Amino acid sequence: EVKPKEEKEEDRFIEKLKGQDSDKKLAETPLEEILAPGDYRRHLQDPFYVNKFKFFYRFRSSKEVTDMQTEIAKYYKKPKFLAMKYMSIGKTGDKKSPKTIKVLQFGQPGTGKNVILVSALRGCEWVSPQSTTHTALALIGRMKTTLELLRSVRFHIISLANPEGFDYSRRKSPASARHWCKNRRVAHGAHGADLSRNWGKDGISWGFGKRGKEGANHMSFQGHSNFSEPESRILKRYIEHFATGRGRVALLDVRCCGASITPPQLYRSDLEEKVNVDWAATLLAKHVTPEANKYAVIKRDPEFHKGNTGQMIDWAHSEAMVDHAYTVDIKSSSLTTRANHALISEEPFLMLSAHLERATVLVAQLLLAMPIDPDSEPVNSNFPGRDLTDAPPASSNTLRGGGSDHKKKKKKKI
């Protein structure tokens, strides 16, 4: 029987994976054994998760997400091989009150295999930071089944790539705030830029459509120049740090809620393609969900244009030499409760998070199938940044996951 082309590619991938994995533990382990099917909470009694799971069932501010990730970093500091870090890697562009972009790192450092998740480039996507935080907590908390993976790959979770735009979109007034997706920097007469369209080379992969003052008022404004925004430049520097030398990198641009996988646009003919990204995207779409409704693979247009410009994954794959770069638009339906739109329904969120967790493990396995060139530069392991785990602990109200975003002020007696 002659196998279809897709199945032949998958067989070759499995053989490559076996070649890189000397004890065969990861190569011969089905995804269902690394990530047991069903609700994370039902089959695993991780005490930290049991105490904090309510955090995920209400939309949270950037401060609350930061507090939770700080607690995760502190709690799981003891397993030394995890080399758990929570650090700031740079400041945003708001002149009045700049915030810091933070990353949660875990997994064996110095392996040369790095998986980077970036979410909330568009500030109006509220659930993405919580889904990436849940993925981090699930991968660490499972431990028994993910142990070998954590010993082989370093994970980097950047949940809030646009913290100012994210917090502004959560304001109750003006009414238009909910639909604000750009950052909040004011420059050259423009208020904010769409960070998901600020990447690439001018005239090659960036700069198509309205530019300058002509497009400044649009929510999809791509910026006055490529990498014009501080947030984009910080992330660019971070990704390049791990992609250079003999390191291997996978990058997931996490969005919500379209149930699709988008591969990068290939535009450099001078590069020898080491990865069949279209096949890998099809593999992700096929295995990211155990349900019958599979994810769609978005076909990229052959040329760049105003609706296809400045994407992070295109720059990452063609310029930063990131091996695997995909936009994962996680699936969601009926995410908020009918009674209160600030609350998140449990079952849809757990399904959404399970899909992202599977996608994260799959790209990690794809990386493990790729050899590291022993003759190239050393593996980059440490990125300069400020460790945040020594910061004062957050309020217990936030960390239990209950209550409102702010403490109630006591009324003064008259």
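Helix α9 covers residues 230-243, and its 14 residues reach 20 Å from the first C-alpha to the last, close to the 20 Å expected at 1.5 Å a residue (that span being 1.5 Å times one less than the number of residues). Helices here are DSSP runs of H or I with at least four residues, numbered from the N terminus. The model is a predicted one, where local features need pLDDT of at least 70, side-chain atom pairs count only at pLDDT 80 or more, and totals for chains, interfaces and linings use all residues. Residues are numbered from 1 along each chain as its sequence is written, and side-chain values use heavy atoms, with hydrogens and water left out.

Next comes a helix pair. Helix α10 (residues 277-287) and helix α12 (residues 346-368) pack at about 140 degrees, their axes 10 Å apart; axes are lines fitted to C-alpha atoms over the stretch in contact, and angles run from 0 to 180 degrees between N-to-C directions. On the α10 side, Trp279, Ala280, Leu283, Leu284 and His287 meet Arg358, Ala359, Leu362, Val363 and Leu366 of α12.

Then there is the largest nonpolar core, with 71 residues (buried Ala, Val, Leu, Ile, Met, Phe, Trp, Tyr and Cys joined through side-chain atoms within 4.5 Å). Helix α12 gives the most to this core, 12 residues. Phe155, one of the residues with the most contacts inside the core, has contacts (heavy atoms within 4.5 Å) that include Leu104, Phe106, Val115 and Ala364.

Definitions and conventions: Helix = DSSP H or I, 4+ residues; strand = E, 2+ residues; numbered from the N terminus. Buried < 20%, exposed > 50% of the residue type's maximum accessible area, 1.4 Å probe, protein only. Lists of a residue's contacts leave out its neighbours within four places in sequence.
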